[in-house]
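Dear colleague,

Here is the structure I promised to pass on. My notes on it follow below.

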Amino acid sequence: MPGDEASPQSPRSPRSPRPPQAAAHTPHTPPTPPAPRPPSDPLPALDRAERFIWLTARVLEQRRFAFHFLGGDADPVDTALGSYLNPDGGYGHALDPDLRGPLSQPLHTAHALRVLDGLGRCAGQRIERLCRHLTGVSTPDGALPVVFPTPRDYPAAPYHPMQDDPPGELLTTGPVVGLLHRNRVWHAWLFRATDFCWDRIENLHRTHPYEVQSAVAFLDGVPDRARAAAAADRLGRLVREQRLVVLDPRRRSEFPPAAGYAPGEQLFPHDVARRPESLARGWFTDEEMRRSLDFLAAAQQADGGWPVRREAWAPGSSLERRPIATLEALLTLRAYGRLPAQVSRPGPVPPR
């Protein structure tokens, strides 16, 4: 689904030093135990997440973690992402774990743009070719469907059903258009796609949480900031009226999942306002945001990773999704000051 992770360009300075080691001792002197960490110390959470990433993640997520949190270089991330690139300029090969098979799909495109945005590399000939690809596969109204029909029955999540003539959807078009605008990309494809997104957002009356995420991704990137602020204000009122976001994690039962969502598949304020500068941040009080971030921090599991709340439909997809969710959680926590702004320590040194 859209909005798998935030898109900051990571600070690259070293993290402040770790606590000093205990003083040396003689065989007759018991070692000094390390001082206990305060409950608010974020180092254990990041260390456990790092171990989880190395144990379970695809090469792409390993490289992204090294870039964002270990001072790694952007080139290895770019190289890993390139393995998903198709000759048509789109992305495939289960880059988004919910769609298997080699063919280019809009959800893969949105995922690739989030990765490139995080690297500060959402520009150049690669993006020009991608926009040409989008021009050729758009629906008559200039938008992107969720899933293109394919000549073969490649596996896909049941909540992404194949249609012979799929309509354009804000769910996929919004994040792609928003990220391209955010990076000041100009291409003829964007004109009609942008109009499509404006029309859908400004005329929404009934929606669902993931569509809200996509609308926010568009509004946070589109150049017309005054119009975006007005649309966000209206959308925020709709979100609260329709109880689409869990405002208090202690009262989750009062916010039932949307139709078609799995049990427990609910969104929280941090899921739509992934960074403090998002227009969606104004939808929530400071207390609602604090509770949401506390809930996110506490959701880290014993193995160091974060859970995936959507339906588990295939073992491979579920395994690949959790490291993505873990990166998303870490980036959101850091954006709100819940993790150090600096990277932890130098990443792996490439061989000479």
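**Loops with positive phi**

Arg-184 is placed in the loop between helix H6 (170-182) and helix H7 (189-202); helices (H or I, at least four residues) and strands (E, at least two) are DSSP runs, numbered from the N terminus. Before going on: this is a predicted model, in which local features need pLDDT of at least 70 and side-chain atom pairs count only at pLDDT 80 or more, while totals for chains, interfaces and linings use all residues. Residues are numbered from 1 along each chain as its sequence is written, and side-chain values use heavy atoms, with hydrogens and water left out.

Arg-184 is not a glycine, yet its phi is positive, about 55 degrees. With a relative accessibility of 72%, Arg-184 counts as exposed (buried means under 20% relative accessible area, exposed over 50%, partly exposed in between, with a 1.4 Å probe and protein chains only). His-93 also has a positive phi, near 60 degrees, and is a residue other than glycine. His-93 belongs to the loop between helix H3 (74-82) and helix H4 (106-119) and is partly exposed, its relative accessible area being 37%.

**Overall make-up**

The protein has 12 helices and 0 strands. Buried residues account for 53% of its 352 residues. The accessible surface is about 16700 Å², and carbon and sulfur atoms hold 56% of that area (Shrake-Rupley method, 1.4 Å probe; for residues, only the protein chains shown count as cover). Of the contacts with a separation of 6 or more, 68% join residues 24 or more positions apart; contact means heavy atoms within 4.5 Å.

In H6, 12 of the 13 residues are buried, among them Gly-174, Pro-175 and His-181. The cover over the buried residues of H6 includes H4, helix H5 (125-137), H7 and helix H8 (209-219). The end C-alpha atoms of H6 are 17 Å apart, which agrees with the 18 Å that its 13 residues should span at 1.5 Å a residue (the expected span is 1.5 Å times one less than the number of residues).

Helix H11 (residues 286-298) has 13 residues as well, and its first and last C-alpha atoms are 18 Å apart, close to the 18 Å expected. Its buried residues are Glu-288, Met-289, Arg-291, Ser-292, Leu-293 and Leu-296. They pack against helix H9 (225-241), helix H10 (269-272) and helix H12 (315-335).

**Core and aromatic rings**

The largest nonpolar core contains 88 residues, and those with the most contacts inside it are Ile-127, Leu-180, Trp-189, Leu-219 and Trp-283. Such a core is a set of buried Ala, Val, Leu, Ile, Met, Phe, Trp, Tyr and Cys residues joined through side-chain atoms within 4.5 Å. Beyond its neighbours within four places in sequence, Leu-219 touches residues including Trp-198, Ile-201, Arg-225 and Leu-279.

There are 5 aromatic pairs in the structure. The ring centres of Trp-283 and Phe-284 lie 6.2 Å apart with the planes at 65 degrees, so this pair is edge-to-face (rings of Phe, Tyr and Trp, its six-membered ring, pair if their centres lie within 6.5 Å; planes under 30 degrees apart count as stacked, over 60 as edge-to-face and the rest as tilted). Trp-283 and Phe-284 are both buried.

Two arginines sit over rings. The charged end of Arg-227 is over the ring of Trp-198, 4.2 Å from its centre, and Arg-243 lies over the face of Phe-255, at 4.2 Å from the ring centre. The criterion is NZ of Lys or CZ of Arg within 6 Å of the ring centre and within 35 degrees of the ring normal.

Regards
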